[in-house]
Amino acid sequence: MRIGELATATGTTARALRHYEQAGLISSERASNGYRVYDERAVVRVRNIRHLLAAGLTLDDVRVFLPCLDGDVAAAPPSEKGLRVARERLAVLDDRIAAQTQARDRLTAALRAKTGDRPDPLLP
């Protein structure tokens, strides 16, 4: 299948597929006209990549899962390496959330100091 067909089948874009290919996560052959041609199995692989990215992993993190990207990643038993990568990514996300929460709290305090009231009824 060509890149547009793979993009449609997986709910992604041709640009993302080229990015995944550049990152070494998927591969294609070249047709005589130079178009990328993907094997039907690429659909499962791309869906798994998107599943892992949606879970908060990065493309670098996804490389750890290369051996199982052609199967059911969500149902497969986790490997120690996969669990380590997921825990490390979770720690990074937790740190980012904490930093953003602190920034929000500082901005809220500054607005309260200047206006004397709550800047937004949804904020603490």
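# A first look at this predicted model

Setting aside residues up to four places away in sequence, Tyr38 touches Met1, Arg2, Ile3, Leu6, Leu17, Glu21, Ile26, Ser27 and Ser28. Tyr38 is also among the residues that touch the most other members of the largest nonpolar core, a group of 23 residues. Please keep in mind that this is a predicted model. The mean pLDDT of the protein chain is 91, and 94% of its residues reach 70 or more.

**Confidence**

- Helix H2, residues 14-22, has the highest confidence in the protein chain, at a mean of 97.
- Confidence is lowest in H5, where the mean is 93.

**The nonpolar core**

- Besides Tyr38, the members of the largest nonpolar core that touch the most others are Leu6, Leu17, Tyr20 and Ile49.
- H1, H2, H3 and H4 are the elements that give two or more residues to this core.
- H3 provides the largest share of this core, with 5 residues.

- Ala16, Leu17, Tyr20 and Glu21 are the buried residues to look for in H2.
- These four sit on the same side of H2, because they cover an arc of only 140° around the axis.
- The partners against which the buried residues of H2 pack are helix H1 (3-10), strand E2 (36-37), H3 and H4.
- Gly24 follows H2 and has a positive phi, near 80°.

**Salt bridges**

- Arg45 and Asp70 form a salt bridge, and their closest N and O atoms are 2.8 Å apart.
- Arg45 belongs to helix H3 (residues 42-54), while Asp70 is in the loop between helix H4 (59-62) and helix H5 (80-115), so this pair ties together parts that are 25 residues apart in sequence.
- Asp39 and Arg41 meet through their side chains in another salt bridge, at 2.9 Å from N to O.
- Asp39 is partly exposed, with a relative accessible area of 40%, and Arg41 counts as exposed at 60% relative accessibility.
- A salt bridge also joins Arg84 and Glu88, with 3.4 Å between the closest N and O atoms.
- Both Arg84 and Glu88 lie in helix H5, 4 residues apart, which is about one turn of the helix.
- Arg84 is partly exposed, with a relative accessible area of 39%, and Glu88 is likewise partly exposed, at 43%.

**Around Arg45**

- Not counting residues up to four places away in sequence, Arg45 touches Leu25, Ile26, Leu66, Leu69 and Asp70.
- The C-alpha atoms of Arg45 and Ile26 are separated by 7.4 Å, although the two residues are 19 residues apart along the chain.

**Around Thr12**

- You can find Thr12 in the loop between H1 and H2.
- Thr12 counts as buried, at 14% relative accessibility, because the cut-off for buried is under 20%.
- The side chains of Thr12 and Arg50 make a polar contact at 3.2 Å.
- Leaving aside neighbours within four places in sequence, Thr12 is in contact with Ala7, Leu17, Tyr20, Val46 and Arg50.

**Around Tyr35**

- Tyr35 is in the loop between strand E1 (29-30) and E2.
- At 41% relative accessibility, Tyr35 counts as partly exposed.
- Arg2, Glu29 and Arg30 are the residues in contact with Tyr35, leaving aside neighbours within four places in sequence.
- From C-alpha to C-alpha, Tyr35 and Arg50 are 23 Å apart in space, and they are 15 residues apart in sequence.

Conventions. Residues numbered from 1 in each chain as written. Heavy atoms only, no water. Salt bridge = Lys/Arg side-chain N within 4 Å of Asp/Glu carboxyl O. Buried < 20%, exposed > 50% of the residue type's maximum accessible area, 1.4 Å probe, protein only. pLDDT = per-residue confidence, 0-100. Arc of directions from axis to C-beta. Contact = heavy atoms within 4.5 Å. Core = buried A, V, L, I, M, F, W, Y, C linked by side-chain atoms within 4.5 Å. Polar contact = N/O pair within 3.5 Å; in protein donor to acceptor, adjacent residues only side chain to side chain.
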